[in-house]
Amino acid sequence: MLGPVLLAASRSDRMRRIVAAAPVTRPVVDRFIAGDDLRGALSTVRSLTSDGLEVTLDHLGEDVTDRATANATRDAYLRLLDALAAEGLGKRAEVSVKLSAFGQALPVGGHDIALENVRQVAEAATAAGTTVTLDMEDHTTVDSTLAILDDLRKEHPGTGAVVQSYLFRTEDDCRRLAAPGSRVRLVKGAYKEPASVAHQDKREVDRAYVRCLKILMNGAGYPMIGSHDPRMIAIAQDLATRAGRAHGDYEFQMLYGIRTAEQRRLADEGERMRIYVPYGADWYGYFMRRLAERPANLAFFLRSFVPG
Ligand code: FAD
């Protein structure tokens, strides 16, 4: 019941001000976010990669409404990729981008502005020896994001994208994307979507996730399993074995600060385990989606309001 309320709050400026101003918010935010700036992000990357984990970095920001802010997001990624290249971290750390932060939602020319910005980031990523993955946002953006993926892959074939099993269209998207060289992160989906386009029942979302996993594991691309769900992880391992995939022919991905013991366990088993590390000052929308996903995260947050 609380999930939809929190998802609505994740888009409210009023709630943003209230949550950000609460003195107890920061320690809880720090559990999910690797600092406000590049310095914090790099120190987290060093620590995770020296521990045998891989990383994808997200410079937080979304729903940009002017071109200057979209360009500023691009520049933040360019600085990040320069830093990764300088430290030789490109082998183990890539970047994830939200195209809405690159201008995709701008009313005039948003698609082309986002493409131009992300193209520069993809060039910098290639130069740093690493890749870009396009996060997926609400369903109105999927066509534009997948078209940008196709464009980028012509020159940067390692560019990946995310698909969300809650959307009815996603099995078809998986079929098309399960092609040689294609990197696809499969997630359940984190936005509030209408019943006309998405499964509303969690069990249906899970069933669709397994159908998509089968398509990706049996296809010719590189599946990236973005989930903390023990059932999905076990099924993915089983499907990988049946498809004749060795460790490293696919990878697991989890969010920074969530199920860290399980991240360690999978890495120790020899699985490729990548941690999605968000950083930056614009943490509100990301943080609220994490609270919406799991009552225990919300309880952790609310408990921090209780003194003593
Ligand atoms: P859920 O369905 O939330 O939970 C299933 C089970 O997993 C739970 O019952 C529990 O057993 C276990 N579990 C889940 N969370 C925890 C926890 N905190 N502690 C202990 N056990 C837990 N969504 C998008 O819409 N677009 C994106 O681009 C996107 N990128 C993502 C990238 C990564 C690397 C990951 C991991 C997720 C991403 N998501 C994205 C979010 C995703 O869509 C889901 O909202 C989120 O992952 C929750 O679904 P789940 O499969 O992890 O498990």
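Keep in mind that the model is predicted: local features need pLDDT of at least 70, side-chain atom pairs count only at pLDDT 80 or more, and totals for chains, interfaces and linings use all residues. Residues are numbered from 1 along each chain as its sequence is written.

Let's start with the whole chain. The protein chain has 13 helices and eight strands; these are DSSP runs numbered from the N terminus, with helices being H or I of at least four residues and strands being E of at least two. Its C-alpha trace spans about 55 × 45 × 40 Å along the principal axes. The radius of gyration is 18 Å, which agrees with the value near 19 Å that a compact globule of 308 residues would have. That radius is taken over C-alpha atoms, and the globule rule is 2.2 Å times the number of residues to the power 0.38. Of the 308 residues, 41% count as buried. Here buried means that 20 or more other C-beta atoms lie within 10 Å of the residue's own, exposed means 12 or fewer, and partly exposed is in between, with C-beta atoms placed from the backbone. As for contacts with a separation of 6 or more, 71% of them are between residues 24 or more positions apart; two residues are in contact if their C-beta atoms, placed from the backbone, lie within 7 Å.

Now for the ligand. It is surrounded by 23 residues, and the closest are D135, V187, G226, S227 and Q253. By type, the shell has 11 nonpolar, six polar and six charged residues. Nonpolar covers Ala, Val, Leu, Ile, Met, Phe, Trp, Tyr, Cys and Pro, charged covers Asp, Glu, Lys and Arg, and the others, Gly among them, are polar.

Step back and you get two domains: domain 1 (1-33 + 283-308) and domain 2 (35-282), with bounds from an automatic or database domain assignment. Their centres, taken over C-alpha atoms, are 23 Å apart. Each side puts in 12 residues where they touch. On the domain 1 side, α1 (2-9), α3 (25-32) and α12 (284-293) each give at least two residues, and α12 has the largest share, with five. That side divides into eight nonpolar, one polar and three charged residues.

On to single residues. An unreviewed UniProt entry places a "binding site" feature at several positions, among them M136 and A190; such annotations may be inferred rather than shown by experiment, and the positions follow the numbering used here, with feature names shortened. M136 sits in the loop between β3 (132-134) and α7 (142-155). M136 is buried because 24 other C-beta atoms lie within 10 Å. Beyond four places in sequence, its contacts are V142, T145, A161, V162, V163 and Q164. A190 is in the loop between β5 (183-187) and α9 (202-218), and it is partly exposed, with 19 other C-beta atoms within 10 Å. Leaving out residues up to four places away, A190 touches R289 and E293.

Finally, take a look at R259, in the loop between β7 and α11 (260-268). R259 has a positive phi of about 55° although it is not a glycine.

How values were computed:
Near = placed C-beta within 6 Å.
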